[in-house]
Every structure is written in structure tokens, then in C-alpha cells.
Amino acid sequence: MAGEGGGGGGEGMDESETVGMSGKAGKAGEERNPESSPGCSAARSVALPGPGQLLFLTGLLFLAVPSLCGSQPPPFKCFSPQESGLTHLAIHNLTGEVYVGAINWIFKLSSNLTKLRSHMTGPVVDNEKCYPPPSVQSCPHELSQTPNVNKLLLIDYDPNRLIACGSTSQGICQFLRLDDLFKLGEPHHRKEHYLSSVAESGTMSGVIISSQHNPTSKLFIGTPIDGKSEYFPTLSSRKLMENEENADMFSFVYQDEFVSSQLKIPSDTLSKFPAFDIYYVYSFSSEQFVYYLTMQLDTQLTSPDASGEQFFTSKIVRLCVDDPKFYSYVEFPIGCTKDGVEYRLVQDAYLARPGRQLANSLGISENEDILFTVFSQGQKNRAKPPKESALCLFTLRKIKEKIKERIQSCYKGEGRLSLPWLLNKELACINSGCYFCVAGEGEEEEEEEEEEEEKMIRREGGRGCGGPMAQLAASREGGGRGVAILAPPAPAQPSPAQPSQ
């Protein structure tokens, strides 16, 4: 069962509190309010990956074992409904109340796991081939009672509601009142309301971004699409309207004739690799960025031959929250190595701050953020990964430094693109002479960068550089669609890009 992403992680993870690991791992404590923290993160030794290498943390990898620790902890209170498999949970950061997503049900529990409320979401008379769903339009395919798997569970604090998205009816969502799980709305009449019909839990993740200056919140959402690129984007930012029945609910934050707030898997990629998809395991926000931990088919190792062996790779994805056109999109491989063994299949993650002992052992502040991530061994068997796994610690500050470093070097023409699934070819970085500013680097430095950027815009005749973090690599492609590319280096380096629509 996976907890959904949000605006930061828990506090007080301490290496003295073990949880069934042969190494030392922290126990998550109280969640912090995303509004109360400035965001940024921590430092420890994070190696920049070279060709054929992974981003890894030296001395911060702990192997997991199937048995519990020697000293048994006190018995935990538990909640385990017999009629339903659990998929997700969300904990209210003020009341401590727990919301649980399951197959056909949503539950509300007290902080001591006593069941307070329940809301039935299925089964639903449906067929995954019906688009739009049968509730909107008659469907020629045979209908049957279909389990509704909860795939996304997020607390939207300001409107006092829960967003619960399922697998039936092409992935529509319900808005439930936090107090009693009363259904406030279920938008399902427009194509923007359909997120994905993939029934596998733990593959969709989302982050809500609220602003004091804008009454409309944004939902950044990543999902697998099961080959249906004509229906679903794999990554998008949507409007969260205050009124659940508002016609603009889930519409794209930005959309014009050529570009919108979405990223689609190209049909050329699906033609060559029909099994290609992107699975979004965990997400969170930090300062002005949204991050995703994903797993996808490695198109450089996997043969297009459907009968061949499949290999997968894990990547960390980043977007600026105030970038409606996705010019700031960045992704790069992430994983761990231990004694020459690679751990490449991300299983789950959690953003948290360290407790005193763990912070001291890592040489960092207790106020810094660490991404605790579990990987399974190798690059095969995504659906049934090997039992051998590793707990790896990543510090956000160092990751952000490496991303910035790589983007700047690409503007100098160093390296080449490494987004084969998006571009279907390799392109070299272009020496554009562009200068850009990166959020969260300090007011003085940011002002200097903005001044340099203004000079560059004037020097370029007012054209600018395709956005502060975008490099224009191609202006037209098929039907006049613009493609702006922010280039990465060779494979295993950060690989930013602006997708075609």
C-alpha cells in the first residue's frame, strides 16, 4: 500500500528506529505542512552519473532482509478489511485522521486506526474498451461488474475534500467531503475527466499545488496509459476548481493551438515498442518544483521484437510548478549499486527529514530533506520484481545542484539528448548562449541571473530563449507543431525536454 505524494515529507526519521532492515532505516514521524517549510533539501555524497553509470549515494545504501529485527516492537493497531485489498493512504496533517483507498472502497480512520466512515466506489458496470464510459455513451462491448481499483488518493485541504480516482469508467475521480466521505461530485462528461483505465495500483501519482494568489489549485498527475496515447497524456497539470461541478474541472492549466500542459507518449514510440509505458511510483513538491519517481521500459536495452526480453529503468522527473508549457521538464536515471550489484527497479519512496542521530551520521542538518527510496535488484520483471532490495538515501539539494549544472552545460553545447522514448533519435545539445534563472537559489543570485537573462533577450532581438529553462531545438514538426528541447548529455545523465503535443 502506497502513500500518495504531496508537498514534502515527514519529519524526524532517526536511524535508531529500525524497521526490519539489516542496515539502519528511519521510521516516519509527523507529516509537516507544506506551507510551513521553505522546501529545499540536503547534501551528502551524490555521484554524478557518467556513461553507463547510475546516480548513487556512497555509503547510504542498506540491504533489506525479509525477516523482522531481533527485538520485536510493541504490537501495532491495525486495520484490515476482509472484503477489500488496500492500495493507498493519505494522512491529514492537522487531525492525524487516515484516509485509505482500496478496491471498491474508500475508508476514513481515526488516528488510532478505528474505522469512522466508509464509501463504496464499486464494482461498476463497465468495460475498459468503452470510451467514453457507458455512463456517458452507449458502448458496443459487453459490460460486466468491474472492480474499481483506487489509484490516486489526495487530500485537498482548502476545499476540505478528498480526491479519489479509480480504474473504472476510463479513470474518473470522485470528490469526497473529508468529514463524512459524502460525494460532492464525480466529473465524467469530458475527455479531460478521464485520466487512465489502467487497473494496476501504485502506478499513478499526483501532487496538488495551491497558491494564496490564485483561487484555482493545480493537480500535477502522472499515469500509465496502456498504449492509449490518443486518449491520455502520461503527465499533465490540471485545474482544480472550487466547485466540483465546474466545467473547467481537470482542464489543462494551459492550452492553445500548438502546446498545452501535458506530455504524451509519441505514437512512433508505441509502434516500435507497444509495451512502452511510464509508471509513476511517488511524487512530491519542494520549493518551486514537482518531482516524480518513475519506472519505464528501457528502449536502449530492450529489443523492439515483442518476443525479446524486457528491461526497465527508474528515473526521477522534475517540473517547475509555474511552467504551464512544460519547458522545464527534466528526467534522468536513478538507482543504487552495492558490491557491483545494481538496484534499478524503484518500488516506493518517501520524502522526510532526518532525526538527530541520522542527521549526525550523514553530516547534514535535521532541517534538510532526504528522499528514502526502495529499489529491487536488476532491471527485469517490473510486475514481479526480485525479493532482493535496497533502501537508498538521496538528498534533494545535491540532486538539484546536478540538474542545474547539467542544464547550464547543455546551453554551452555539451552532451546530447537522451530521451529516445520521446524523440526517437539522438540530438546534440545546442550552444545557444542562453542564460537562465533557477528557482530557490537565493534572492541575490536570482536577481543577477534575471538581469543577465534580460540582457540576453535584448541581444537576441527580443525573442528570448524559448523560456527561462528551454532551448529551442526545432520550430516545426508535422502540422506546424513546435518542439522546444532542453537537452541532456549522453545516456545516464539528466535529460530535459519539451515534448511535442
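Helices (H or I, at least four residues) and strands (E, at least two) are DSSP runs, numbered from the N terminus.

**Before you click.** This is a predicted model, where local features need pLDDT of at least 70, side-chain atom pairs count only at pLDDT 80 or more, and totals for chains, interfaces and linings use all residues. Residues are numbered from 1 along each chain as its sequence is written, and side-chain values use heavy atoms, with hydrogens and water left out.

**Stop 1: colour by confidence.** pLDDT is the predictor's confidence in each residue, from 0 to 100. The protein's average is 76, and 70% of the residues score at least 70. Now select 63–70: pLDDT is below 50 there, and the stretch has 18 contacts in the model beyond near neighbours in sequence (contact means heavy atoms within 4.5 Å). Residues 435–447 also stay under 50, with 26 contacts beyond four places in sequence.

**Stop 2: two cis prolines.** Select G122 and P123: the peptide bond from G122 to P123 is cis, with omega near 5°. P123 sits in the loop between β9 (115–120) and β10 (124–126). Then hop to Y131 and P132, also joined by a cis peptide bond, with omega about -5°. You'll find P132 in the loop between β10 and β11 (144–146).

**Stop 3: positive phi.** Pick L181, in the loop between β14 (173–177) and β15. L181 is not a glycine, yet its phi is positive, about 60°. Is L181 buried or exposed? At 2% relative accessibility, L181 counts as buried (under 20% relative accessible area; exposed is over 50%, partly exposed in between, with a 1.4 Å probe and protein chains only). Next comes F250, in the loop between β18 (235–240) and β19 (262–263). Its phi is positive too, about 70°, although F250 is not a glycine, and F250 is buried at 0%.

**Stop 4: V198.** Look in the loop between β15 (183–185) and β16 (205–211). V198 is buried, with a relative accessible area of 12%. Which residues does V198 touch, leaving aside neighbours within four places in sequence? They are K151, S167, T203, P224, I225 and D226.

**Last stop: T299.** Select the loop between β21 (289–297) and β22 (312–320) to find T299. T299 is buried at 14%. Beyond four places in sequence, T299 contacts F273, F276, P420 and W421.
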